[in-house]
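User: I would like to go through the side-chain packing and the strand pairing of this model, one question at a time. Please give the cut-offs as you go.

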Amino acid sequence: MKSSQSLELRNPDQDVFFMRQALALAEEALYVPSPNPRVGCVIVRNAQVIGRGATQAVGSHHAEIMALHDMQARGLNAEGATVYITLEPCSHHGRTPPCVDALIMARPERVVFAHFDPNPHVAGRGMRLLREAGIEVNVGVCADLALAVNPGFVSRMTRGVPYVWMKIAASLDGRTALSNGVSQWITGLEARADGHHWRARSCVVLTGIGTVRADDPQMNVRHVATVRQPRRAVIDPGFEISEDAAILKGEGAIIFTGDQNAEKYARLTDRGVQVVYVPEESAPVAGRVRRRVDMRAMMKWLGEHDTNEVHIEAGSGLNGALLNADCVDELLVYLAPVLLGEGMGMAQLPALTKLEGVQRFEFTDLKQLGADVRLRARLPEHWRELMQKIHLTEYTTGQAL
């Protein structure tokens, strides 16, 4: 017979309550564990949290281990407890031992996780090992919220490309700059700080050579505290970038180009800049045919190099190219309460003759930031694809179990 304590912990509302606490821990670690997923864990007994933890930097402890250590530091054990985790516990040896082994040794009564780990080395194996050890397992609590914490990890593991959001700061009439190119600053400090939050949670901040020439941006994180700076990347088809460009200073800069200049390549790589040759394609832009790197090939390269999430800050030409190549999953649009009149738009896209051909996003969030607002909108078909990848039937009917 199950104890009253066990029956209490099987209350679905209580499961959601504690899973939300685990999700809050994962969100506190947004900037930390990349390219590992952000995971939170709480251990609960008698409706009281007795251990909590979040995934640390790469090579250090995962959330489950942090929560078990926290529990043990309190002089407690997991007997009769339920462990809530925002992702299926890992079951393979990577940089750290499998978390599922530590959970089995701790002997909780029950483990609840939000969704399966899409990593093919796990993908249901963690659940199977727990059940074989006699531990009750429940899956699917707050799965949609957990996916929102790690869309890039799920995307990289299942689609082979990162999850990509595009940041745009614009006026109410959709202008990102005056006709002479002046754009600093359309939005206020609060909006700019929020943009740096999104930079900080990404693996790569991506821009184009036009933006580098016009503004010489650093593209690093300055307005929020972070223990890890994302890499900075420039799309530069003709390899025209100045070797003194601010974006190339510091570690981790990447240049995507189709032009092979051996001498410039040697000078930059000696400084630690990574130059990546990407196939080129020709694209019509404003009535002219221009050289462009193959956007999808570039995203595939990023996915192959541990990139979970990409933050784009670019001009209308590159924005249009990325949208037209279906390389963008989400828009972050910061709107200032001003009208600019004639000027530069958000994205250069081909003219349509029918509304059926539009890219239709769905709004997911609206937030006031000082005098400005931030709109979040994502492509619903892209999100549905990711949701399907973490759905229970994807694994319970497959070979993983």
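User: Are Tyr163 and Trp383 buried or exposed?

Analyst: This is a predicted model, in which local features need pLDDT of at least 70 and side-chain atom pairs count only at pLDDT 80 or more, whereas totals for chains, interfaces and linings use all residues. Residues are numbered from 1 along each chain as its sequence is written, and side-chain values use heavy atoms, with hydrogens and water left out. With a 1.4 Å probe and protein chains only, buried means under 20% relative accessible area, exposed over 50%, and partly exposed in between. By that scale, Tyr163 and Trp383 are both buried.

User: How many aromatic pairs does the structure hold, and what is the angle between the planes of Phe17 and Phe18?

Analyst: Rings of Phe, Tyr and Trp (its six-membered ring) pair if their centres lie within 6.5 Å, and planes under 30 degrees apart count as stacked, over 60 as edge-to-face and the rest as tilted. The structure holds eight aromatic pairs. One of them joins Phe17 and Phe18 edge-to-face, with 5.0 Å from centre to centre and an angle between the planes of 80°.

User: What is the relative accessible area of Phe17, and what is that of Phe18?

Analyst: Phe17 is partly exposed, at a relative accessible area of 49%. Phe18, in contrast, counts as buried, its relative accessibility being 3%.

User: How many residues apart are Tyr163 and Trp383, which form a pair?

Analyst: Tyr163 and Trp383 form an edge-to-face aromatic pair, 6.0 Å centre to centre with 75° between the planes. Helices (H or I, at least four residues) and strands (E, at least two) are DSSP runs numbered from the N terminus. On this numbering Tyr163 belongs to strand S6 (residues 163–171) and Trp383 to helix H13 (residues 380–389), so that the pair links distant parts of the chain, 220 residues apart.

User: Which residue lies over the face of Trp383?

Analyst: Trp383 forms one aromatic cluster with Tyr163, Trp165 and Trp198. A charge sits over a ring if NZ of Lys or CZ of Arg is within 6 Å of the ring centre and within 35 degrees of the ring normal. Over the face of Trp383, at 3.9 Å from the ring centre, lies Arg378.

User: Why is one side of strand S11 and of strand S17 left without a neighbour in the sheet?

Analyst: The nine strands form an open sheet with mixed pairing, in the order S11-S10-S9-S8-S14-S6-S15-S18-S17. Two strands pair if DSSP finds at least two bridges between them. Strand S11 (274–277) and strand S17 (362–369) stand at the edges, so one side of each has no neighbour in the sheet, because each has a single partner strand.

User: In S11, which residue is the bridge partner of Phe256?

Analyst: Strand S10 (residues 254–257) pairs with S11 in the parallel sense, over four bridges. In S11, the bridge partner of Phe256 is Val276.

User: How many disulfides does a search of the whole structure find, and how far from Cys41 is the nearest cysteine sulfur?

Analyst: A disulfide is a pair of cysteine sulfur atoms within 2.5 Å, and a search of the whole structure finds zero. Cys41 is in no disulfide, and the nearest cysteine sulfur, that of Cys99, is away by 8.7 Å.

User: What is the relative accessible area of Cys41?

Analyst: Cys41 is buried, and its relative accessible area is 0%.
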